[in-house]
Amino acid sequence: MRIGSVEITGRAALAPMAGVADPAFRRICREYGAAFTVTEMVSAKALTYGDQKSRELMTLDARERPAAIQLFGDDPDTLASAARMAMAQKPDWLDINMGCPAPKIAGNHCGSALMREPELCRRIVKAVVGAVDVPVTVKIRKGYSKDEVNAVEVAKACEDGGASAITVHGRTRDQMYAPPVDWDIIRAVKRAVSVPVIGNGDVNSPESAARLYEHTGCDLIMIGRGALGAPWVFQAVEAYLTHGVRLPDPPVAKRMDVLCRQIELAASLKGERVALLEARKHASWYMRELRGAAIFRGEAGMIATMEDLRRLCWRVIRRQEEE
Ligand SMILES: Cc1cc2nc3c(=O)[nH]c(=O)nc-3n(C[C@H](O)[C@H](O)[C@H](O)COP(=O)(O)O)c2cc1C
């Protein structure tokens, strides 16, 4: 499949996840075969005000490509200006966030709130498409609430504005991340537009990836939470869909090794203090379902040095070998 002229290989992309899918995690997911990566969402308004932190969020490393920068905002002109600024990082394409449910985003008329105004969605896409010479994609939800299910209408508006692909997360804004996810809406969007559709929501295994493809006919799938602490999920999906092979999860020593490498990489990019604070949540994801996980999760909350992290990983490995 292609996004504009960008050829996408691989069967599952990494979802954008603010505060989680940072450059270190994105790079590791790409190593494991993620079809593409997307930055954490970046405020168009903050960018145009010269905010340094927002600019840093757009930093792209060659090893995470193909990669998109995701912008959020509600004003077509501001988004177009921000899009021009984003081009300094040479993204493979730009993505516009029309799905974030967080009160501080949706409450500010951005993210999923845009879905209440399909014509505004169209104008935003058109403005950004007109501002840059890379493809522009959008990421939407099922709708705003159960009484405002309009993903098909919004997807058509975005296609009309010039969007090159549309990602659909099968939940409404009001659902946030609560079950159930609705894959029928992804199928409905796929039938309604002619640009590629990327299906998203609750894929966390090769089998669920296969089911989402089959259920919706989508062109690609996107995995978010299912990749946390398990970046090898992309390799597993690829092996299953391409060769029908069910890869086992990596042995625990390998998992801990990947965790340490991710945090070392993060430390080299954003400094040890921040990386180690964030390591606490990543460590508990990597330790999910392992023997002693509940205790180790508590200990992960106290990691303060790289040495603490390595020692904890070592104890996790040893604990699995007991009994
Ligand atoms: C911690 C977290 C942060 C997220 N941040 C973003 C974001 O910055 N932009 C975006 O479009 N979606 C964001 N999402 C939504 C995900 O991209 C994805 O649509 C959602 O998690 C559903 O997919 P999943 O079931 O595979 O996790 C975020 C989700 C989580 C859990």
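The sulfur of cysteine 110 lies 9.3 Å from the closest cysteine sulfur, that of cysteine 100, which is too far for a bond. A disulfide is a covalent bond between the sulfur atoms of two cysteines; here it is taken as a pair of cysteine sulfur atoms within 2.5 Å. Cysteine 218 is in no disulfide either, as the nearest cysteine sulfur, in cysteine 158, is 18 Å away. A search of the whole structure finds 0 disulfides.

This is a predicted model, in which local features need pLDDT of at least 70 and side-chain atom pairs count only at pLDDT 80 or more, while totals for chains, interfaces and linings use all residues. Residues are numbered from 1 along each chain as its sequence is written, and side-chain values use heavy atoms, with hydrogens and water left out.

Cysteine 110 counts as buried at 8% relative accessibility, and cysteine 218 is buried at 6%. Buried means under 20% relative accessible area, exposed over 50%, and partly exposed in between (1.4 Å probe, protein chains only).

Most residues other than glycine have a negative phi, and most peptide bonds are trans. The peptide bond from arginine 65 to proline 66 is cis, with omega near 0 degrees, and proline 66 sits in the loop between α3 (52-57) and β6 (67-72). Helices (H or I, at least four residues) and strands (E, at least two) are DSSP runs, numbered from the N terminus. Proline 179 and proline 180 are also joined by a cis peptide bond, with omega about 0 degrees; proline 180 is in the loop between β9 (165-172) and α8 (184-192).

Lysine 90 is not a glycine, yet has a positive phi of about 50 degrees. It lies in the loop between α4 (76-86) and β7 (93-98) and is exposed, at 62% relative accessibility. Aspartate 202 has a positive phi of about 70 degrees, lies in the loop between β10 (197-200) and α9 (206-216), and is partly exposed at 34%.

Among the polar contacts (pairs of N or O atoms within 3.5 Å), a backbone N or O atom of glycine 224 lies 2.8 Å from a ligand oxygen atom. A side-chain N or O atom of asparagine 97 is 3.3 Å from a ligand nitrogen atom.

Notes: Polar contact = N/O pair within 3.5 Å; in protein donor to acceptor, adjacent residues only side chain to side chain.
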